[in-house]
Amino acid sequence: MMRLFSNTSLKLLLVSLLIQGSSLASAQEPIRIAFMDPLSGTFASVGNSGLKQLQYAAEELFNSRGGILGGRMIEIVPLDNKQSPTETQIQFRRAVSEDIRIIFQGNSSAVANTLNSTITRHNRRNPGQEILQINYSAVDPILTNEECSFWHFRFDAHAIMKLNVLTDYIAMNPDIKKMYIIGQDYSFGQVVADTSIELLREKRPDIEIVGNEFHPIGQVKDFTPYVTKIVSSGADAVITGNFGADMVSLARSIIDSGLEIPIYTFYAAYDGITATLGADGVDKIRLIHNDAGNPIPTQERLEYIQKFKRLNPDNDMTQHRITNALQMLVKAMEESQSTDPYDIALALEDMRFVNMSGEELWMRGEDHQIIQSLHISVHTDQNIVVDADNSGFGLLREYSVPAENTIMDHSCRMQRPRR
Amino acid sequence: MSMLSLQNVSKQFGETRIIRDVSLDIEPGERHAIIGPNGAGKSTLFHLISGKYQPTAGKILFRDNEIQGKTPFAIARLGLARSFQVTNIFPRLSVFENIRCGLLWKEGFGYSFWHLLGRQKELNDKALALLVEIGLADRAEFPAGELAYAQQRALELGIAIASGAELIMLDEPVAGMSHSEAENAVALIRKITEGKTLVMVEHDMNIVFDVADRISVLVYGEIIASDTPAAIRANPRVQEAYLGEVPEAATDTSSGQNPEGVDGA
Amino acid sequence: MKTLAKKSAIWLAYLGVLLGLPLLFDSILAITIFNQMAIAIIFALSYNMLLGQGGMLSFGHAVYFGLGGFMAVHTLVMIEYETVYFSIIYIPLIGGLIGLLAAVFIGSFSTHKAGTVFAMISLGIGELVAASSLIFVSFFGGEAGVNADRTYGPAFFGIEFFQDSEIYYLGAAWVFIATLFMYLFTQTPAGRMANAVRDNPERAEFIGYSARRVRFISFCAAGFFAGIAGGLFALNYEFITEENLNAVTSGRVLLMAYIGGLGYFIGPIIGAVILTLMNSLLSNYTELWMLYLGIMFVLTVLFLPRGFAGFIMMHRTAWIRGKLGSLLLPYLITGLPALVFAIAGVAMIEMLHHEGEVFHFLGIPLESANLSHWLMCTVLAAIAYLGCKRSLPQLREAWESANAIDEAGEEREAS
Amino acid sequence: MLEVFIFSTLNGLVTGLLLFMLASGLTLIFSMMGVLNFAHASFYMLGAYFAYSISLHLGFWMGLIFAPLIVGILGAVVERFALRRVHAHGHVAELVFTFGLAFLIEEAVQFFWGPDTKNYQSPDILDFPLFTLFGQEFSAYRGFMIAISVGIFIGLYYVLTRSRIGIIIQAAITHPHTVANLGHNVPFIFMGVFGVGTALAGVAGVIAGPVLTTFPGMAVVLGSIVFVIVVIGGLGSLGGAFIASLLIGLLQSYAIASNVGMPDLLNLVGLEFSRDHPLTDLWTLTLPQIAPILPFLLLVLVLIFRPTGIAGKREQ
C-alpha cells in the first residue's frame, strides 16, 4: 500500500503541488467544474451516483455535441469531501489551487453551509478569483434566506417549500386526523418538525399533532420503541425527514408492526432504499420531490434516462436537477460569453429555462432560489416505467403543484459585489 | 524509639485470616529477617507495612508515626523503601533513569514540570555515584528491561536506596540467583544498607543467618519466635514448624500471599 | 555540552524545515496540506503524551481538541463583535486553556486507573461529549458547526491573515513552540515519572510518587496541547463542527500516533505527516483509500509494533557501527519483490472494485472482465511472494551481522 | 399507557437479549485473554452480511447455520495468526489491534458489499404477528429472536458449568499453566473460545440483520454499547453481562417510551425559562432525546463509583 503511495501518488503529489494557479483561458482549454460530494465512505453511493449523472449530462448534452463557447469541453473534476465539513474546506482549497471556479455540491446542508461561508469569505478576500457554488440538493432554507449569497445558487426547492406542498397534500386527505412527526435531531429534522406543525395548524387546525419526536442521527439501533409510541398515539400518518439507514430502519419498523398508515417523507428512494423497502412499502411511502418521476413527462427525457441506464446499469437517474443545473449554467455562460463566476451569476439571475420534462424553471434573482413545479409520488410497483435499484419498484406521481404555486417569500438581503 | 513497630496487626481476606495479631519491634540500625514456610504471610506482612494493603486491625508505627491506612507513596515519602519478590523496575527506562527516578522525591523535585533534569548536575552526579555503588555504571544507558536478572535485582536495590530511606525492606532479594550471584548480592546489600535499618524476607537460611542480627519466624500468620540467630536456631518450636519443609526450595510465588494475583508481571 | 550543541542543531533544522517548506511548495493546496500537518503534529504529539509517555490509552482525546477549537471559534466571533479585542495570534492559547480546563475536570476522576478502565472512561466521555455537542446547538452549532472570520482582530505587524500562507507561518511558530515545550516536558521530573508510572505504577508509588497524580499531570498537559491544536484548527479553517470532537477524530489521532511510533518523541510527527498525506492525496486517486489505511494500520500493529519511528530506530546500532550500507542490498533484494507484491495486490483489489469497467492503474489499463489481467496480477504476485520469501533469510542474516554486538555496553555508550 | 409499558418491556427484552448474545462472547474472550475485543461488533456485522449473501441463494435458515460458522472460523483465524502475535506486545497493543481490525472490517464490508443498505429479509414463515395487543402487532420474528437468545444463554450456561470442555475452559481462564501441564492444548482452547465468541456475535448478526437493517454502520451503532455492557456488568462476568444487557435494553426502551423532559422537571419546581435563554437546549431536553446516550452516562458513573462493575471482582 505504501508502495503505491510512494510511486504513483508521489509523482502526482509533486505535480499537483507544483501547479500554479496561472492557467490562461484559451479556446481549446476545457472548462473545469468541480463536483464536491462524498465519493468514499458511508455516503459514497449517493455521491458517486450524482457524479455519474453530472458526467453523463456534460458528455451527452454538450461535449458530444462539440462543446460550448465555441468548442470548449466541460471537464468534471471529482473532489471527495467525505461528507465532512472539515474535508470540504480542504477540497475547496484544492479546487482553488487548481483554478477551478465552479463547484457543484449537494449532499448535506452542513457541508453546503460551510461551503457557502467559506466561498463568501474567499471571494471577499480574493477579488478576481471568485468561486461559484452550484447547490443542487442541499435544502436548508437559510441558504437562500438569512445566509443567502450572491455566489450561491440553489437548484432544488428548500425544505419549507417542499413542506408547504406536502402539507397541502395532507390537508386534502380528510382521513388524517392525527399526525406523528419524528426526525433526526439536527437542523433539518427540526425544520421539518417546526414547519410541519405550523403549516398544518394553518391548513387543518383539526389535525392533532400526537407526537413530535427527535432521535440522534445514526445512533438508533432499533426503531421499534419509537414505533410503539406511534402506535399508542393512534396516529393516522407520519411525517419524517430521515435519510439513509435511519429512514430504512424507521420505515421497516413501522411496516413490521402492522401499522397501515402513510409515511410522508423526503428521502426514501434509490440507493438501496427502494429495494430494501420492496413490497412492504407499497402505497405507504410518499415522497415530495421536484422533477416528475413515473410517468416520465416527455419522450426526450425518457430516452435521456434510458441511455444513462444503459451506460450505468447499477445506477439510477436519481437527481434530474443536476442536469437542470448544468443546462442552466451553460446557458448562462453562452449568454454572457464568459466563464467568469461574476458574469455567470448575473446571467443566471432571473433566468427562465424550460427543462427536458417541459417544465419552466425560474431562478429567482433576489435569493438565487430555483422555482419549479413539485410532485408527490408513491412507492409502488404499478405503472413503473423507470424503476429504482433495478427492483421493479419506483415512484409514481400522485400529485403535482405548478411552479407558481410553490413560490414563497424570502428574507434574503443579498450583498452584491460591485465591479 | 524503635524504627518500626507493629502492634497487634491482623489482616483478613474475607474469612481467611492471613496475619494474626502480629507485634514486632525493630530498632534503628537493626538487620531483621523474617522467615517462615510458604504461605505464612510474609509478603502480606510486607504489603501491610508498605501500604499496599490496609490492616484489618492493629497499628503500624514508623518512627512513631502511625502509617496504617496511608497510601504507599505517603509511606515512601516518610523514608521507607521496599523491594519486591518479583523484579520491580521501570523496564523501558534506562538504568540511569531508574536510579534518578528513585532520587527525585527525596531531592525535592516533586511533580515539577519546570525543572529540566539534564540541568540538575547535583542530582545526576548522585545518580551516577549510586550506579557505581551498585556496579551498574557501565550499563547506565541500557533499557533496564534488557539487563540480566541479577543486575535487575541490583538495580531494584539501587532504586530503593536512592529514595534515601531509613528503613529498607527486601522481599527475597536473592531468589532465583545462582550461588555466586547471591554472594555478590549479599555483599551489595551489606554495603549499601550500611547504617540503615533492614528488614528482609528470605528463604535461603545461610544468608539469613549470615546477615541478620535478629530473626522473626512467621508461621500461619503468627510470629512464633523473634530472637537472635543463635536462639532461633535452638528454638524447638521453630524446628517443629520447619520439619519437613525445605526452605530453600521455594523461589516462586506461593499461593495465599498474593490473593489478587501477581502485579506488574 | 556537545549534546547540547547537537540538540540545538536538530531544533534549528526543525525550525528551518518548518519555515522553508512553503518556499519549496507554494501552491494553495500545498499550504493547505502543510496547515493540516501542523495541526495534526501538535495533536498527535499531545496524544503521545498520554499513550506513549504515560501509558494511558484514550479513545476520546478529540474532546480536548474539539472543546479548545470551539472556544477558539467563539473567541474569534467575540473579536469580530469587539466583545474582546486582541490579536488572533493568541487564539491557540485560548484553545489550550480550554483544553486544560476540560482535562483538569475530566482527569480528576478518570486518571485513577490506567489500562482498560481509563480506556473505557475515555470512550464513555468521548461519546457523551460528542452526543451532547449535537444536542446543545447554541454552543456547538449543531451539525453545521460554528463559523467565524479571523481577519477582524488587530493586524499583527501589518499582517491581517487574509491568506492561508500567513496562517501557515503562525501555525509553524505554534508548532515549533508546542513541540519544544512538549519535548522539554519529557525532560522534567513530571515527564520522567510519567514514563515510570507507565512502566510500573506500583513501583512508582513506592518511591514516593502518587501514580494518579503523575497521570493527572500528563493528562492535563495532553489536554492543554490538544486544545492548542484545536485553536490552530479554528484559525486555519475559521470554523469547527462536532465531527472534530467525535470518535472518528479520536480514532484518527490514535492511528497517527501508533503508525508513527509510540514512545518515540518523533513518532507522532512522522505519523501525522503520513496520515495527512494519505488523507488528502490518496483519496483523490482511489475511493478505497480508507481500506488501504485500515490494512496499513493492521499491518503496522502486527509487524511494526513500534511504528515507523521504531523501524527507523531499529537501525541505530547498525548506523553507529557504520554497517548500515551492508543492509542496503539485502533490503533492495527483499523490498523490491515486496513492492511488486503490494502493487499486484492493490491492482487486484482495484479490479474487484472497478467491476465491469476499464480503469488505469499506474498508467496501465486494467479490466476486471479480462481474465488475462487477473492471471497477470496473480502470477506477478505469486512470483513476488516467492522472491520475497526466498530472500528473507538473507535479509535476516545481514541484519543480524550488522547488529551483532561484541560488547554491548560499548555500543550503547558510543551514542 | 399500559400497552406502551408492555411493548416497551418486550422491545427492551429483545434488544437486551440481542446485546447479551454479543456481550457473552466478548466476556468469554475477555476472561480468557484479558483483552477487550474492539472488533467484536464487526463480527456481528459480518454475520449479518454473510447471512444476507447466503439467504439470497439458499434462504434464511441456511444463513443461520452457515454464517456463524464462517464468522467463527474467521475469528479463530484472526486469533491464531494475528492476535496471538500481538499478544507479546501487551494489552494496549491488543486493544489497538482490535480497534484497527474493526476499522478494517468496516472498510472491507463496504468493499465487498457496497455502502448501501442491504435488503436482508426475515423468513416468510415467521412473517406473521405472534399476537396483537391493543392494536399493535408483535411479530413472530421478534419472538423467534427472544427464543434463540434465551436458547443460547441456556446452552452456554450448560456447556460452561456442566460439560467437561466447559470445566477445562473455566480452569484455563484462571490457571492456564496448570491446565497446560495437565496436557491440554491451551493455545488451541484460546483459539476455540475466540472462534465460539465471534460465532456467537455472528448468530446475533444473522438474526438482527433483518430487523435492525444490514448496513456498514451497524457495527459502530452496536459496538460501543456492547463495550459499555461488558464494563458495567463487570469485566469477565457472564452473569453481570446478562444483567447489564437487560438493564441497558430496558433502560433505553423505557426512556424512549417516556415523555418526560426538563420542562416537566422545571414545571414541577415552578421554574420557567424563555426560548431565548442561552441554555435553552438544556431546558428543553427530553428523556427520549437522550435515550441513546444513557448507556454512556451509566458507564462513566459506574466506572467512577464502582470501577469493577455490577458483578466484577477482578481489578486490572
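This briefing describes the nonpolar cores of the structure and one set of paired strands in chain A. The model is predicted. Its largest nonpolar core holds 431 residues, and strand β6 of chain A, treated below, is mostly covered.

**Nonpolar cores**

- In soluble globular proteins, nonpolar side chains tend to be buried together.
- Within the largest nonpolar core, the residues that touch the most other members are C:I42, C:F225, D:L22, D:V226, D:I229 and D:V230.
- The element giving the most to this core is helix α2 of chain C, which spans residues 28–53 and supplies 19 residues.
- Another core, of 11 residues, lies apart from the largest one; among its members are C:A342, C:M351, C:C377 and C:A384.

**Contacts of C:I42**

- Leaving aside residues up to four places away in sequence, C:I42 touches C:V175, C:A178, C:F225, C:I228, C:A229 and C:L232.
- One of these contacts, C:F225, is also listed with C:I42 among the residues that touch the most other core members.

**Strand β6 of chain A and its partners**

- Strand β6(A) covers residues 178–184, and six of its seven residues are buried.
- Strand β7(A), residues 208–215, runs parallel to β6(A) and is joined to it by seven bridges. In this pairing, A:Y180 has A:G211 as its bridge partner.
- Between β6(A) and β7(A), the chain passes through helix α6(A), residues 187–203, in a right-handed β-α-β crossover.
- Strand β8(A), residues 237–240, also runs parallel to β6(A), with four bridges joining the two. Here the bridge partner of A:I182 is A:T240.

Conventions: Residues are numbered from 1 along each chain as its sequence is written. Chains are lettered from A and ligands numbered from 1 in the order in which they are written. This is a predicted model: local features need pLDDT of at least 70, side-chain atom pairs count only at pLDDT 80 or more; totals for chains, interfaces and linings use all residues. A nonpolar core is a set of buried Ala, Val, Leu, Ile, Met, Phe, Trp, Tyr and Cys residues joined through C-beta atoms within 7 Å. A residue is buried if 20 or more other C-beta atoms lie within 10 Å of its own, exposed if 12 or fewer, and partly exposed in between; C-beta atoms are placed from the backbone. Two residues are in contact if their C-beta atoms, placed from the backbone, lie within 7 Å. Two strands pair if DSSP finds at least two bridges between them. A crossover is right-handed if, with the strands pointing away from the viewer, the path from the first strand over the helix to the second runs clockwise.
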